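Let's take a walk through this structure together.

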Amino acid sequence: MKRRSAEMEKDYPALLAMQKVSWEINFPDREFYEHLFFTSLSTAVRRGDVYVYENGGQVVGWLWLDWSTPRVCHIRHIQVQEAHWGQGLGRSILEDAMVLAAARGRKSLTLNVTKS
């Protein structure tokens, strides 16, 4: 699995599809507002805070980091393509987040957990 910075034009369809899957699991009775997702994701991609993980040229997961708190890296979103659930890719992405945080001198890595 290979990490690279996300590109909106290239990666948005895959990220949107994965986000819709997790939204339905986590918030089944709440409407998903794609324009809000697009806007916030676009900003994060421009800042270089979003990474995609590929296997064989296909996006299999993604990671969105928040660096806004000093000495802390917060995982805003981490997700694996549904077809790859249970294969340890999420763990690998989480471990990569630890590496990225340490490389930037962050002492803590945080995340909130939902059903998906």
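This is a predicted model: local features need pLDDT of at least 70, side-chain atom pairs count only at pLDDT 80 or more; totals for chains, interfaces and linings use all residues.

## Surface and overall size

Of the 116 residues in the protein, 39% are buried.

How far does the C-alpha trace of the protein span along its principal axes? The answer is about 40 × 30 × 30 Å. A compact globule with 116 residues would have a radius of gyration near 13 Å, and the protein, at 14 Å, agrees with that.

## How the chain is laid out

You'll find three helices and five strands here. Starting at the N terminus, the elements come in the order β-α-α-β-β-β-α-β.

## Aromatic rings

Now for the rings. A pair of aromatic rings is described by two things, the distance of the centres and the angle of the planes. Counting rings whose centres lie within 6.5 Å, the model has seven aromatic pairs. One of them is Y12 with F38, an edge-to-face pair with 5.1 Å from centre to centre and 85° between the planes. This pair ties together distant parts of the chain, since Y12 sits in helix α1 (residues 8–26) and F38 in helix α2 (residues 34–47), 26 residues apart.

Are these two partners buried or exposed? Y12 has a relative accessible area of 11%, so it counts as buried, while F38 has 40% and is therefore partly exposed. Zooming out, ring pairs join Y12, W23, F27, F32, F37, F38, W62 and W64 into a cluster.

## Arginines over rings

Two arginines are worth a look as well. R30 lies over the face of F27, 4.8 Å from the ring centre. F27 is also one of the residues in the ring cluster. R104, for its part, lies over the face of W67, at 3.9 Å from the ring centre.

Most residues other than glycine have a negative phi. Which residue has a positive phi although it is not a glycine? That's R71, with a phi of about 65°. Look for R71 in the loop between β3 (58–66) and β4 (72–80). With a relative accessible area of 59%, R71 is exposed.

Definitions and conventions:
Residues are numbered from 1 along each chain as its sequence is written. Side-chain values use heavy atoms; hydrogens and water are left out. Rings of Phe, Tyr and Trp (its six-membered ring) pair if their centres lie within 6.5 Å; planes under 30 degrees apart count as stacked, over 60 as edge-to-face and the rest as tilted. Helices (H or I, at least four residues) and strands (E, at least two) are DSSP runs, numbered from the N terminus. Buried means under 20% relative accessible area, exposed over 50%, partly exposed in between (1.4 Å probe, protein chains only). A charge sits over a ring if NZ of Lys or CZ of Arg is within 6 Å of the ring centre and within 35 degrees of the ring normal. The radius of gyration is taken over C-alpha atoms; the globule rule is 2.2 Å times the number of residues to the power 0.38.
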